[in-house]
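Subject: Handover of a structure, with findings

Hello,

Here is the structure I am passing on to you. Please look it over first, then read the notes below.

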2 protein chains.
Amino acid sequence: MEHERIVILAHEKFPGRAKTALGVMRYGDQEVKAVLDRDRAGERVNDHVGDVQDAPIVSSFEEAYEAADGDITALYIGIAPIGGGFEDSWRGDVIDAIEAGCDIVSGLHYFLSEDEEFATLAAEHDVELWDVREPHADLTVAGGASADVDADVVLTVGTDCSVGKMTASYEIVEAARAHGIDAAFIPTGQTGIMIEGWGNPIDRVISDFTAGAVEEMILEVGDDHDLLVVEGQGSIVHPAYSAVTCGILHGAMADGLVLCHETGREVVHGYESFDLPPLSEYIRLYETLAAPIHETSVVAGALNTRNVADDEDAVAAIEEYAETIGAPAADPVRDGADAIVEAIVDGLGGELGAGGTTR
Amino acid sequence: MEHERIVILAHEKFPGRAKTALGVMRYGDQEVKAVLDRDRAGERVNDHVGDVQDAPIVSSFEEAYEAADGDITALYIGIAPIGGGFEDSWRGDVIDAIEAGCDIVSGLHYFLSEDEEFATLAAEHDVELWDVREPHADLTVAGGASADVDADVVLTVGTDCSVGKMTASYEIVEAARAHGIDAAFIPTGQTGIMIEGWGNPIDRVISDFTAGAVEEMILEVGDDHDLLVVEGQGSIVHPAYSAVTCGILHGAMADGLVLCHETGREVVHGYESFDLPPLSEYIRLYETLAAPIHETSVVAGALNTRNVADDEDAVAAIEEYAETIGAPAADPVRDGADAIVEAIVDGLGGELGAGGTTR
């Protein structure tokens, strides 16, 4: 499925609370024809965000469609309210998009394909309602085979949710490609799936299939690339989500891990009575838990310093982080991921990055 | 829901390959009116298994119904073919049971409630088709609250699948009760759920809800007992199922762990290219992984010695196991679980077992 020319719905939330929209604009290869935000109609994307393709911000799908001379193939829902529901004020835009022959791509918990009005209309107009959080029906248990693919596998692991694992993964893929490495992103969450146009939403699969859903993706593309970067989820000591993290760790059978952390994070986000353990303990847990399935080690760190205003302070924080984890580190947003990629190449052995397959 | 007078379907598999049937007969408080096994019709349960209530073995539900003068409230499916499908040769018995006004309880992957013929008939006769592997719709993420209940919580953890975690859990509950402790079993798999008449099938829930589905059960009954024994699943280093194990570990927030193992098990069952790590490594992994959520330790061991013919050899194996794990151990089937319960009482502090609530 290709969605090359798209409109992204981000009403009342662009850009600060439109994480999915920004992810697609930053890392996807879709051409963004317009962003829908009725609060900012008439402005442009680059008025707010500098490092992505520019596009007009308009108040409705209808306007976007006219401005693009009808050259639009899909509407993406680029925001997610708390709880993942569908807001009825978006209904008109979705209906107009379906009637204009556009597919709808959504990462909401609320499945558009189960909305009777949308489903009926989509059938009439022969368009697809793609709920990326709905796992496909053929998932099954892991076979312990991910290590058999030609590509080396790197997994981003975190100290908590929302520390920047997806962003770090994308920056690593981009930097690896700049180093001449044929790298691919393995999407495990809704934004990554929307960006890539494929993938398994690991947090929604049946728990028995958690590792299997990761393995399925690795087996599917692992012989076509030199390096796979698996987008991690959650944390191995998260009170609610550790099962997902553990399944990804064992399903990926990664050759190297990149430990992702955010400066100043000391307790679990949303579970503030739980302290984060020391960084050294995360490293020990991830490495010792992975080892019986596939030996691996933390080869680099990604530190999210968005909370650090001063550049020198950020440099100092990254240096301290690298020293603490005993591996090279960078803030991939501030500095790019070159240093991380070099550490991956060193950590996984010299052949990676020489071009071609590595084994 | 009460299913007090039941018939258990175990065609062609009783008793050796009828694990669910035997579990219900051994640990459930249902009165078993008959077992269906067309290969053994005319024999009795106690001809084959000594330590459970006796019952006739008959060839069809119709026969069982007549022999019981119609005093039957439910039919349990007591076997599960590889793959968990429904065998069509059972259809007549299920139909006869529904028409006789009996509920049907099944732990198969194949959901009887989605079988059109059964669903229609069940509606006509106002009986319930209870597929115990179908999670209920209200599950959600964990809140990190399991440690707040009045009861102490013990979790059975394993070195692999099928080493005897459910059996050990039941034997611990029975021995604890004999010690005057108000103990309850927290069911996490289909057989336990069928025995108890409630519970969440953890391996079938959405992976994000794995810990939450355990927590929900603990919060539901945790203030009504002194000790909860949570039935563990899988192993923390299983190539396919570790996500389930990890979610249970963090969702249960156990005060003590009982490490379950089978003599002679050296590789992962069904994944023979994966060696089991040393027992000391399991202890380290379970304890260090649990600690950031809730401090715990392995307080006892349960060794399944079913593969050891000689009693003295079994005693020696248990002694060696206890020494290796550094905690008291027993084979709960061979010896009962008294030693394990005493170790739990010692491990969790003196108040448990004094009767009444402990905190």
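First, a term: domain bounds here come from an automatic or database domain assignment. On that basis, chain A splits into domain 1 (5–131) and domain 2 (146–348).

Some ground rules. This is a predicted model, where local features need pLDDT of at least 70, side-chain atom pairs count only at pLDDT 80 or more, and totals for chains, interfaces and linings use all residues. Residues are numbered from 1 along each chain as its sequence is written, chains are lettered from A and ligands numbered from 1 in the order in which they are written, and side-chain values use heavy atoms, with hydrogens and water left out.

**Record entries**

UniProt has two features on chain A, both from an unreviewed entry. Its positions are given in the numbering used here, feature names are shortened, and annotations may be inferred rather than shown by experiment.

- "Domain: D-glutamate N-acetyltransferase-like N-terminal" is placed by UniProt at residues 39–135 of chain A. That span is 27% helix and 13% strand, and its end C-alpha atoms are 34 Å apart.
- "Domain: D-glutamate N-acetyltransferase-like C-terminal" is placed by UniProt at residues 141–341 of chain A. Here the figures are 39% helix and 19% strand, with end C-alpha atoms 31 Å apart.

Helices (H or I, at least four residues) and strands (E, at least two) are DSSP runs, numbered from the N terminus.

**Between the two domains of chain A**

The centres of domain 1 and domain 2 of chain A, taken over C-alpha atoms, are separated by 29 Å. Contact means heavy atoms within 4.5 Å. By that test, 15 residues of domain 1 of chain A touch 13 residues of domain 2 of chain A.

The size of an interface is often given as the accessible area lost when the parts come together. Buried area is the accessible area (1.4 Å probe) that two parts lose on being put together, summed over both. For the two domains of chain A the buried area is about 1100 Å², and carbon and sulfur atoms give 66% of it. On the domain 1 side of chain A, the residues that lose the most area to domain 2 are A:Thr20, A:Tyr27 and A:Trp130, together 51% of what that side buries.

A polar contact is a pair of N or O atoms within 3.5 Å; within protein, one must be able to donate a hydrogen and the other to accept it, and residues adjacent in sequence count only if both atoms are side-chain atoms. Domain 1 and domain 2 of chain A have 4 residue pairs in polar contact (both at pLDDT 80 or more). Helix H1 (19–27), strand E4 (74–77) and strand E5 (103–106) of chain A each supply at least two residues of the domain 1 side. H1(A) gives the largest share, 6 residues.

**Between chain A and chain B**

37 residues of chain A are in contact with 37 residues of chain B. The two chains bury about 3200 Å², of which carbon and sulfur atoms give 59%. In chain A, A:Ser207, A:Asp208 and A:Phe274 lose the most area to chain B, together 17% of what that side buries.

There are 12 residue pairs in polar contact between chain A and chain B (both at pLDDT 80 or more). On the chain A side, helix H7 (210–221), helix H8 (242–252), strand E12 (271–275) and helix H9 (279–290) give two or more residues. The largest share, 6 residues, comes from H8(A).

**Salt bridges**

A salt bridge is a side-chain nitrogen of Lys or Arg within 4 Å of a carboxyl oxygen of Asp or Glu. The count over all chains is 32. The count between chain A and chain B is 0. It is also 0 across the interface of domain 1 and domain 2 of chain A.

One salt bridge joins the side chains of A:Asp160 and A:Arg265 (2.7 Å, N to O). A:Asp160 lies in the loop between strand E7 (152–158) and helix H5 (165–178) of chain A, and A:Arg265 in the loop between strand E10 (256–262) and strand E11 (267–268) of chain A, so the pair ties together parts 105 residues apart in sequence.

**Backbone details**

A:Phe14 and A:Pro15 are joined by a cis peptide bond, with omega about -5 degrees. A:Pro15 is in the loop between strand E1 (5–9) and H1 of chain A.

Best wishes
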